[in-house]
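Hi,

Here is the structure I promised to pass on. Have a look at it first, and then read my notes below.

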Amino acid sequence: MPTSPTPPTRIERVFLRVIAVGALLVAALAVVAAVVGTASIANDKRVDVTGMLIANAETPAFTERSDAITDARYDSVSATVTGLSGEARAWLVTEHLAATLLTLGLALVVAWVALRLAAGRPFVRSATVALGGTAIVVTACGLIEQTAAALGHAEVVSFLGADKLTAGGNAENPSYEGFVAFGLNLDLAPIGWGIALLVIASAFELGQRLQRDTEGLV
């Protein structure tokens, strides 16, 4: 005769609840960071802009001290900009919030699944919906974050003066370093995370069906 699934032991329940509390703490810290960061980007006179792409960069002088280094370059810098335009601030805020939503979604779904496992009934409809929804949110936020960063940096370069600060060359100086007018470093990791979460959601859906069939036979 089929039997009901073995419930988690006391130690397992404690471990899972600790994981859930840790994930909720990460989510809370992400929300606080989002509020503080958004307020800073939107209102501060001086804004720190990280990851500004550089082209035609010269070799850093200090690397010449080692004969083992045959080539060296840097491809991005951080800049503190005063009086940044509203358009650039808006895109940078979008980047910041998208990154926060990605972290928040992952943390909340980990907490939810851990609590369901601790309760001994993980295969419920809500868990499948939560995993599927989080897969969409993670993928979308990851791509939005990268796109917003590229557009924000382009607005920063435009604000600073693209004609003066972008990389390029001319007859007198065929190649000189400077900012990239627009550059998107596309990272496909969010798509991978989304696919992984969808696979887990499918496994939970299958587990839900097996659990329902087993309970019907008992």
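Let me start with Thr 128: this residue counts as buried because its relative accessibility is 11%, under the 20% cut-off. Keep in mind that this is a predicted model. Thr 128 sits in helix H3. If you skip the neighbours within four places in sequence, its contacts are Ala 201, Phe 204, Glu 205 and Gln 208.

Now the sheet. It is an open one, built from 3 strands in the order S2-S1-S3, with antiparallel pairing. Strand S2 (76–82) and strand S3 (178–179) are the edge strands, each pairing on one side only. Between S1 and S2, which run antiparallel, there are 6 bridges. If you want a spot to check on screen, Val 47 stands opposite Val 81 in S2. As for how the helix is placed, H3 lies across S1, S2 and S3, and runs at about 95 degrees to S1.

Which elements give two or more residues to the lining of the largest pocket? The volume of that pocket is about 240 Å³, and the elements in question are S1 and H3. H3 gives the most, with 5 residues. The residues lining this pocket are Thr 50, Gly 51, Leu 53, Glu 95, Glu 145, Gln 146, Ala 149, Ala 150, His 153, Gly 183, Leu 184 and Asn 185. Sorted by class, that lining comes to 4 nonpolar, 6 polar and 2 charged residues.

There is also 1 cavity of 30 Å³ or more in the structure. The space in the largest cavity is about 50 Å³. Met 52, Leu 53, His 153, Val 157, Phe 179, Val 180 and Gly 183 make up its lining. Strand S1 (46–55) and helix H3 (125–160) each supply at least two of the lining residues here. By class, the cavity lining has 5 nonpolar and 2 polar residues, and no charged ones.

One more thing to look at while you have it open: Leu 53, His 153 and Gly 183 are among the residues lining the largest pocket, and Leu 53, His 153 and Gly 183 also turn up in the lining of the largest cavity.

That's what I have for now.

Cheers

Definitions and conventions. Residues are numbered from 1 along each chain as its sequence is written. This is a predicted model: local features need pLDDT of at least 70, side-chain atom pairs count only at pLDDT 80 or more; totals for chains, interfaces and linings use all residues. Side-chain values use heavy atoms; hydrogens and water are left out. On a 1 Å grid over the protein atoms alone, a cavity is a set of points where a 1.4 Å probe fits but cannot get out, and a pocket is an open set with protein on both sides within 12 Å along at least five of seven lines; lining residues have an atom within 4 Å of a point. Grid points are joined across faces, edges and corners, and a volume is the space filled by probe spheres set on the points. Helices (H or I, at least four residues) and strands (E, at least two) are DSSP runs, numbered from the N terminus. Ala, Val, Leu, Ile, Met, Phe, Trp, Tyr, Cys and Pro count as nonpolar, Asp, Glu, Lys and Arg as charged, and the others, Gly among them, as polar. Buried means under 20% relative accessible area, exposed over 50%, partly exposed in between (1.4 Å probe, protein chains only). Contact means heavy atoms within 4.5 Å. Two strands pair if DSSP finds at least two bridges between them. Axes are lines fitted to C-alpha atoms, for helices over the stretch in contact, and angles run from 0 to 180 degrees between N-to-C directions.
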